[in-house]
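User: I have a structure to work through. Can we take it in short steps?

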Amino acid sequence: MSFLIPCPNCGSRDVNEFAYGGEIAVRPEARPNVRELGSYLYFRRNVAGVQREWWFHRLGCEAWFQAERDTRTNEVLLTERPRASRDEAPPGPEAPALPDTPAV
Amino acid sequence: MRLPPRPQERIDRSRELTFFFEGEPRHGFPGDTVGSALFASGRRVFSRSFKYHRPRGLLCCSGQCPNCLMQVDGVPNVRVCTMPLREGARVRGQNVLGSLDRDVMSVVDKIGGPFTPVGFYYRTMIRPRRAWPLYERFLRNVAGLGKIDRGAGRTRRFDTEHRRVEVLVIGGGRAGIEAARAAAARGEQVVLVDEGLGPGERAAGGSFEVIAPARALGIYEGGLVPVDAGQVLIRFRARRIVVATGAIEQPLVFPGNDLVGVMLPGAVRRLTDEWSLRPGSRAVVIGADERALSVVAELRSAGTEIARVVDLRAESPRRIAAEGKKGRLASVLVDGEGLDCDLLVMSGGRQPAYSLLAQAGARIEYDAGRGVFVPIELPASVEAVGAVAGELPSGATPAATYEGGGKARGKCFVCVCEDVTTKDVRRAIAEGFDSIELAKRYTTVTMGPCQGRLCQLPSVRLYARENGTDEAAIGRTTARPPWAPVSLGLLAGRGHEPARRTSIHERHVQLGARMMWTGAWRRVHSYGDPAGEVRAVHEAVGAIDVSTLGKILVSGPDAAAFLERLYPNRFGDLRPGRIRYSVLGTDAGRIMDDGTIARLDDDRFYVTTTSTGADVVSEWLEWWNAVWGMGVEVVNLTGALAAVNVAGPRARELLGRLTDLDVSNESFSYLDAKQAHVAGVPCLLLRIGFVGELGYELHCSSPYGEYLWSTLLERGADLGLRPFGLEAQRVLRLEKQHILVGQDTDSESNALEAGMPWVVKFDKDEFVGKWALEHVRERGLRERLVGFEMTGWTVPPEGGQIVVDGRPAGRVTSARWSGELRRAIGLAWVPAALAEEDAELAIRVDGRLEQARVRLRPFLDPDGERLRS
């Protein structure tokens with residue numbers, strides 16, 4: 001891994017300066033059942049393509065931001081500061097299929 | 001041995017350099033390489049081959065092949081043909097038992113054949129299994145090439161440099177220089193790296209920077225090109241990369257093609273032109289392109305007699321064989337015609353050095369017209385110029401091999417690095433390894449030091465012929481970095497181990513403390529007497545440096561709501577000036593950290609974390625703040641603040657001497673937080689009791705830490721104050737059954753099973769981990785973290801097994817001898833059914849089972865009377 005990420009605060013930097021926060025998962029609104037919880041906690045869409053994800057500029061401005069990255073090429077298409085509230089959040093990714101693994 | 005001065009020679013004959021080969025002095029000139037100077041001194045055998053220990057001499061003389069690997073000044077695997085000669089250099093042969101000229105291991109070449117077929121090490125030395133240590137010792141001795149100088153340690157220093165550049169040109173040949181010039185003329189910032197000595201200042205003309213000798217190791221995503229510049233690894237980030245790596249002369253495959261005296265045309269050209277050396281006295285030249293055949297003129301000018309020239313474009317011999325005497329070339333047979341010679345120049349055309357382009361994502365295809373693999377469809381921002389792009393004069397495509405029939409029984413090498421013969425390849429195909437990628441792994445062809453430079457194309461040709469297909473159908477093996485060999489030291493960079501020290505560190509050192517690592521922190525293990533330190537805390541007063549605690553300020557109008565939503569415990573109703581403990585959980589309900597939170601005022605909370613959790617927790621808080629978008633600011637103050645915990649029955653008395661604050665139990669009670677001056681230092685005082693006695697944590701600005709510490713020690717001396725370290729603290733907290741996150745919990749532990757249901761407020765609308773903990777509550781507890789005390793005197797090991805019905809059913813997480821209780825105590829995870837007061841546990845200690853009893857309440861002061869006193 002050696003790609004560059006344009007931090008919204010600091011500009012283009014080596015990926016080694018950042019911590020990966022995972023793809024953006026949809027947190028359930030109300031209490032999920034065990035399978036739904038397991039799905040939220042452990043299952044990711046893991047797309048081969050453009051994915052929206054969290055990054056933290058650990059060795060820089062120490063801010064969290066969101067990025068759209070093509071997981072096939074590691075091309076970072078866009079980065080932006082997180083959108084403020086749930087209402088403004090981008091249309092969430094489809095939830096992955098429910099697993100049979102218990103969550104807890 | 002040198003020819004009369006020649007126009008293009010690189011050597012400066014006015015001065016002589018002395019170096020040592022196997023301890024014997026030798027001479028060369030400035031401009032020589034170690035290899036050319038050795039050649040000039042009459043040396044022809046430069047190395048012994050990997051498997052058969054056959055003598056090998058200069059083949060490519062340009063840093064591609066493995067034939068001149070030697071130890072130079074203790075560094076193994078140096079290609080001496082390109083290593084500039086230095087005064088006093090100490091050069092030795094490697095991979096030999098004996099000497100280069102008489103290598104005992106060469107017996108493998110004579111008799112080892114039938115015993116060492118391709119892949120023999122996958123099939124032999126397996127039985128009997130008990131003999132493996134013996135086999136292993138033998139294999140370790142014979143495998144590999146050079147020997148690392150274990151005494152060298154960190155005598156060489158390596159550094160890493162990060163550079164951004166607009167255009168990076170790799171390769172300093174004609175095409176590379178032209179590309180660099182053109183880019184520079186457009187006003188771009190250009191750096192050119194070259195494996196050899198580089199084009200020199202004159203070519204650059206000051207318009208671009210040249211780094212040489214320096215090898216580009218690969219092209220990675222984001223335009224990253226690590227360049228090995230000797231002692232420095234330069235990580236280039238280039239906007240545009242121009243690859244001008246040229247083409248590599250390919251050997252021909254015939255019996256005896258590895259004999260000393262068989263060379264590629266480039267080697268002949270360099271020896272004659274650059275170092276004025278005569279490569280041989282009588283030569284045969286067999287070549288498939290003009291470039292190869294043009295060395296004839298050079299050889300003549302150097303006084304070499306030409307015995308025969310075979311132009312593969314005009315004639316197609318069926319059989320070629322080289323025969324040697326004592327490993328040196330003696331004669332060549334071309335279709336039965338014997339020719340005495342001591343030099344055979346062979347050339348199977350030139351293969352574009354496309355590896356870097358392939359790594360960058362270019363497609364590589366076989367061009368049947370030219371008989372080579374060429375790069376096509378380059379990725380954006382990568383360019384190829386010159387020979388690597390396929391700009392080659394056309395030549396003939398040589399046959400796969402020139403062996404067969406006759407008496408020519410000599411070994412016929414496809415790969416000189418790994419000693420892979422045509423016989424090995426045929427056998428691999430017969431065994432079913434019919435794809436080139438499988439053949440690579442099985443025969444190790446292309447896996448040696450040359451990384452396929454000289455063996456990829458010949459092995460593909462041979463595969464194509466043996467499988468009755470063509471080269472395009474066989475394809476090529478994947479090109480991976482590093483493209484050039486690189487020392488691990490260079491990749492590792494400078495050896496350093498960063499350590500964090502508290503502002504009080506020097507005082508601990510003066511007190512003779514034994515230090516230990518906790519994460520990146522250096523902390524005090526003890527001041528020599530942990531048991532005495534524990535006693536001081538119980539009986540008088542102790543002081544411990546807890547500056548390493550994570551210290552995070554959470555402020556803003558939503559601060560209370562934020563913490564309420566994040567932590568399982570309740571914080572909305574926490575009054576200013578009060579402290580509450582909580583674990584911090586994930587949405588999976590797992591414990592990630594713990595600590596106390598003090599409310600300073602309506603909008604500000606002072607959050608402490610474990611010493612190793614500070615960064616994780618601060619990132620975690622920042623993340624949820626980003627997710628929820630609340631009006632909260634999170635500031636990590638860990639390094640900015642020092643902290644000292646003063647604990648023991650006489651702690652109040654000591655504190656009273658140093659502050660105007662009313663420290664009576666009534667006005668400063670347990671879990672109060674106050675701000676006051678202590679010894680004149682502005683402090684935040686937290687009355688908490690991790691170690692189980694009346695105690696105050698004093699947090700102050702780091703620069704004051706040392707002064708505060710010294711004053712406490714001085715003014716507490718008559719009260720019996722002793723500084724204590726982590727070991728004492730571990731015993732003290734264990735007596736209270738206070739958990740250490742990470743020691744007593746792991747990534748699976750939740751607060752309910754860890755015995756802290758009281759921090760989980762299920763009646764809150766929401767908190768991170770609530771759902772998972774609700775599910776845990778509903779499914780019931782499976783295991784529990786409980787205290788135990790041993791029936792006997794043994795202290796069980798941490799990690800020791802709890803055994804139920806002869807099976808492991810739990811584990812000890814902490815165990816210590818408590819001098820206060822005169823018993824061995826600890827914490828352990830046990831099946832939930834055993835989590836009852838007085839339940840009996842069997843703990844495995846050194847193979848025996850020792851008895852223990854469960855204790856659910858703190859061993860010492862179970863009602864917290866001392867804490868609240």
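User: In chain A, what percentage of the contacts with a separation of 6 or more comes from residues 24 or more positions apart?

Analyst: Keep in mind that this is a predicted model. A contact here means heavy atoms within 4.5 Å. Take the contacts in chain A with a separation of 6 or more; the share from residues 24 or more positions apart is 55%.

User: Which pattern does chain A follow along the sequence?

Analyst: Chain A has one helix and six strands. Reading along the sequence gives their order: β-β-β-α-β-β-β.

User: What share of the residues in chain A is buried?

Analyst: Buried means under 20% relative accessible area. Chain A has 104 residues, and the buried share is 39%.

User: Now chain B. How many residues of strand β34 are buried?

Analyst: Strand β34 of chain B spans residues 604-609 and is mostly covered. Of its six residues, the number buried is five.

User: Which residue in β34(B) is the bridge partner of Arg599(B)?

Analyst: Strand β33 of chain B, residues 591-601, runs antiparallel to β34(B), with four bridges joining them. The two form a hairpin with two residues between them. Strand β31 of chain B, residues 550-555, also runs antiparallel to β34(B), through six bridges. There Val554(B) stands opposite Phe605(B), and the bridge partner of Arg599(B) is likewise Phe605(B).

Technical notes
Residues numbered from 1 in each chain as written. Chains lettered and ligands numbered in written order. Predicted model: local features only at pLDDT ≥ 70, side-chain atom pairs only at ≥ 80, totals over all residues. Heavy atoms only, no water. Buried < 20%, exposed > 50% of the residue type's maximum accessible area, 1.4 Å probe, protein only. Pairing = 2+ DSSP bridges.
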